[in-house]
Amino acid sequence: MDGAPLLDDGFPAARLFSQGYSYTYDDVIFLPHYIDFPTDAVSLSTKLSRRVALATPCVASPMDTVTESSMAAAMASLGAIGIIHSNNNVSHQASLIRLAKSHKIPFNHDLIFKSPSDSILSGEEFSSAPCIFVTESGTQNSKLLGTVEKSNWEGLDSKETRVSEYMTKSSVSIPASYSFEDVAGYLAKNELQYVPLVRDNGEEGEEIVNLVTSDDVERIQGFPKFGLPSLGADGEFLVGASIGTRESDKERLEHLVKAGVNVVVLDSSQGNSIYQIEMIKYAKKTYPELDLIGGNVVTAYQAQNLIQAGVDGLRVGMGSGSICTTQEVCAVGRGQAAAVYKVASIAAQSGVPVIADGGISNSGHIVKALTLGASTVMMGSFLAGSNEAPGTYVYQDGRRVKKYRGMGSLEAMTKGSDARYLGDKAKLKIAQGVVGAVADKGSVLKFIPYTMQAVKQGFQDLGASSLQSAHDLLRSGVLRLEVRTGAAQVEGGVHGLVSYEKKSF
Ligand SMILES: NC(=O)C1=CN([C@@H]2O[C@H](COP(=O)(O)OP(=O)(O)OC[C@H]3O[C@@H](n4cnc5c(N)ncnc54)[C@H](O)[C@@H]3O)[C@@H](O)[C@H]2O)C=CC1
Ligand SMILES: O=c1[nH]c(=O)c2[nH+]cn([C@@H]3O[C@H](COP(=O)(O)O)[C@@H](O)[C@H]3O)c2[nH]1
Ligand SMILES: [K+]
């Protein structure tokens, strides 16, 4: 509202966050400003790091119950990005990157391969896809000979029978370069229930990388159409990956770069360490073209050290995650709203984008994170119950759930990251996270577009038509906030009803 005087009401962020309180998202509320544009005029396009631009400001966390190839492909298809976790051996992590990057469609099935002389002993092998593929060598990178559907297998007298004796001989497939629309058209025209997607790896032969069913097509066509995908210069999906700060992570990094990773996150709860700073210097010297995100940090001092070491992005949050126990165990961390505001204020001076990591459980938290200076939000629990998260659904007290666990939980540490914890000499293992479960949320391809629409509505109420304009309102002091008392927080939620159903879209 050009020219109108700003009546003094509420607190500018600089004043609110200098009172000595570790505020988080739920503690604060923005005062609405002036609307002079429609919701659809809001652009959420942003930067993950200095050179990686995104149309959608969302990042899937590098956790083994959140981001593998399906999540990374789906997030990229939405204009966002997924960071593939490193709680695995490096060849597996590299293969997950390659798989996500080889996709043109936003999901994948876990495929099972057999050689002609194999047998199928359990019906469970059919649980992840409508058929088992028979290839010359029984691996993914081998010539397709035929398929076995569960109905072919169920009728067998002996499950020991070799698959060559009852498979359907067929090598129908289409190139992995087909777009979703091309695949949908092919299935419809040929009246097929499913078709494998095959990538030609030149001299190394063909590789079956995915499968699309007519049910997938129907499901995806029901989802909202949404923005531009995140693509690299190679035309493939943008995919990130995490590494640690041990000596062995240098070799891991080399493999990730060979696999085509677009951005790397140094994954640590306290990033301001000699280990991380040395790794930043090494990585920037060895791969100057690769964007490197440091963290985690929650203070201006920590941020400044990593910026000076050369990071291209910062990840902010310590103990704010839904599965985190760091603040309880170690007594360090910060309320996430204060952490994002303080770190973003210093990072903005060097043009380093900030990721607000952890503690996001609704669209309002995303509006708060982005308006307090973050360029993207990183999410674990918000994405963990989705179809695209690793793992299978199980029933718990009648609810369909998926496992979600902290990367510092005992279970995750024992799976792969022992070196990090027991490292070398330490004998006592201390968890800084828990193992839990989250409710089935359906597909990220559906709920992320709706969530982003809600975020745009929040931006409109603030009078911010872009992230840049939100940050300008923040730093000029035009944006005003207040702390919500306990009663105000209760009032701001649903209250006083005997029962209700909360359906957001
Ligand atoms: N954001 C958060 O609040 C938290 C996140 N986490 C997650 O849990 C996982 C593990 O985090 P961290 O325990 O911080 O892992 P980390 O690998 O950074 O640290 C584990 C231990 O190894 C030490 N260390 C690291 N590099 C070393 C080197 N080169 N030589 C000797 N010692 C070295 C560290 O100082 C620390 O004591 C990550 O995925 C992280 O994101 C865990 C706790 C809190
Ligand atoms: O204290 C912790 N112990 C852990 O075991 C752990 N695992 C993940 N993280 C961090 O939590 C973030 C995800 O948080 P949300 O589920 O709230 O999105 C992630 O993005 C991480 O920053 C951990 N923090
Ligand atoms: K927590």
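Start with E207, which is found in strand β13 (residues 206-213); strands here are DSSP E runs of at least two residues, and helices are H or I runs of at least four, numbered from the N terminus. The model is predicted, and local features need pLDDT of at least 70, side-chain atom pairs pLDDT 80 or more, while totals for chains, interfaces and linings use all residues. Residues are numbered from 1 along each chain as its sequence is written, with chains lettered from A and ligands numbered from 1 in written order.

Stay on E207. Is E207 buried, exposed or partly exposed? E207 counts as partly exposed because 19 C-beta neighbours lie inside 10 Å (20 or more is buried, 12 or fewer exposed).

Next, select helices α8 (residues 274-286) and α9 (residues 300-309). Their axes, lines fitted to C-alpha atoms over the stretch in contact, come within 9 Å and cross at roughly 25 degrees. That makes α8 roughly parallel to α9 (angles under 35 degrees). Now show the contact (C-beta atoms, placed from the backbone, within 7 Å). I277, I280 and K281 in α8 meet N305, L306 and A309 in α9. By class, that contact has four nonpolar, one polar and one charged residues.

Finish at ligand 2. Its shell holds 26 residues, each with a C-beta atom, placed from the backbone, within 6 Å. The closest are G321, C324, G406, G408 and G433. Select β19 (376-379) and α13 (381-384): these elements give two or more residues to the shell.

Note on methods. Axes fitted to C-alpha atoms, helices over the stretch in contact; angles between N-to-C directions. Parallel < 35°, antiparallel > 145°, perpendicular 65-115°, else oblique. Contact = placed C-beta atoms within 7 Å. Nonpolar A, V, L, I, M, F, W, Y, C, P; charged D, E, K, R; others polar.
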